[in-house]
Amino acid sequence: MIDFRYHLVSLISVFLALAVGIVLGAGPLRESLGAQLAGQVEQLRSEQDDLRAQADDLRTQNDHLSGFITEIGPDLVAGTLEQNDVVVISDHNSTRQSVQSLTGLLEHAGARSITRITLQPALWDPGSEQRRSEALDAVAGIAPVLLDRDLEESEQLPDLIISLLTQDASSEVTPELRSQVWQALMDNQLVAIDGQTPPRASAVLYAAAEPAQLTVGSDDDPTAADRAQQLLTVQTSLLTALAGSDTPAVLSVATPDNDGTVGILRSVRGDSALTDLSTTDRLQASDGPVLAVLALIEQVRGGAGDYGTTADADARVPDLPEAAVIRDEMEDPPAEDATGGPSDAGGQE
């Protein structure tokens, strides 16, 4: 049986241990631990400053390279797409400036014609099912041969758009009938066309907005999920049809946070059935349109790849003779002058 003396000794031991801890903590141990912690904090602060300086330096180098690519872009692509009828497809007005830059570069490249088509939200809006059905009914009455009835209804309109752009003209579908089909799509506010009815495309460039731009703030969670799923279905169906048409095609996507893990870019780069397509990221950046047109040039010549700065890109730029000057610039960054800024050596052409 444990008596009172045992409890007394235990209590005395506890208080002695506390007293020793207080004395040591207030004396030599406090100074030692304090010095160690202060040293670790200072080391972490120094490492943080070094990392921040490295990030700033890399950002400066990337900005310099982007500006360099933008400046020499027109000269790089000049005369590379002659005799090509190029169609530029976009899906949101946030890409308008980029599409204008793409159009300018395609003109420098010598494209025979450039048609701009904007996909309208009614193509994937959960509340626009009737409009889509009416458009399909109208097309069935004009040129039913253009519809693939083996596809789901949500896939038929994107497939139809690519069929109109890439299929050879036939006696069954005359140019007049094609114009009527395009008009039916426009009347139902599914597409908008800048200019005349598109000719048969010899190359297609799809300029896609970042996923956040295609959301609707007033959607509740189920509607938002439905919208996102239908949008992905439209984009995937369109690109699947493009890949099956053997038409040179590039998907260029806006990636403001340099994130290629969301939206259609991730889907295409992760799909082995779509490897014949080329992709580029950073469409919103100053050099994004140049990168997209260089990828289209490679496509026309029979190549393909994934380009840009996201983690899943194959390379910064396509392996083209025209892009050799960019690769040289990447491997040999500009020298710094006496003030620490980039010198004019190796300047722009």
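Student: Which residues does Asp 287 touch, not counting those up to four places away in sequence?
Tutor: Asp 287 touches Ser 66, Ile 69, Thr 70, Arg 282 and Arg 316, where contact means heavy atoms within 4.5 Å. Bear in mind that this is a predicted model, with local features needing pLDDT of at least 70 and side-chain atom pairs counting only at pLDDT 80 or more, while totals for chains, interfaces and linings use all residues. Residues are numbered from 1 along each chain as its sequence is written, and side-chain values use heavy atoms, with hydrogens and water left out.

Student: Which side chain does the Asp 287 side chain make a polar contact with?
Tutor: That of Ser 66, at 3.4 Å. A polar contact here is a pair of N or O atoms within 3.5 Å; within protein, one must be able to donate a hydrogen and the other to accept it, and residues adjacent in sequence count only if both atoms are side-chain atoms.

Student: Where is Asp 287 in the fold, then?
Tutor: Asp 287 sits in the loop between strand E6 (278-280) and helix H9 (288-300). Helices (H or I, at least four residues) and strands (E, at least two) are DSSP runs, numbered from the N terminus.

Student: Is Asp 287 buried or exposed?
Tutor: Asp 287 is buried, at a relative accessible area of 0%. Buried means under 20% (1.4 Å probe, protein chains only), exposed over 50%, and partly exposed in between.

Student: Switching to strand E4: why is it called largely enclosed?
Tutor: Because 6 of the 6 residues in E4 (residues 203-208) are buried.

Student: And which residues point which way from E4?
Tutor: Ala 203, Leu 205 and Ala 207 go one way, Val 204, Tyr 206 and Ala 208 go the other, and all are buried.

Student: How many bridges does E4 make with strand E1?
Tutor: E4 and E1 (residues 85-90) pair in the parallel sense over 5 bridges; pairing takes at least two DSSP bridges between the strands. Leu 205 in E4 is the bridge partner of Val 88.

Student: What about strand E5?
Tutor: E4 and E5 (residues 249-253) run parallel, joined by 5 bridges. Leu 205 turns up again, opposite Val 250 in E5.

Student: Zooming out, how many helices and strands does the protein chain have?
Tutor: It has 10 helices and 7 strands. Of the 349 residues in the protein chain, 40% are buried.

Student: What share of the contacts with a separation of 6 or more is between residues 24 or more positions apart?
Tutor: Those residues account for 73% of such contacts in the protein chain.
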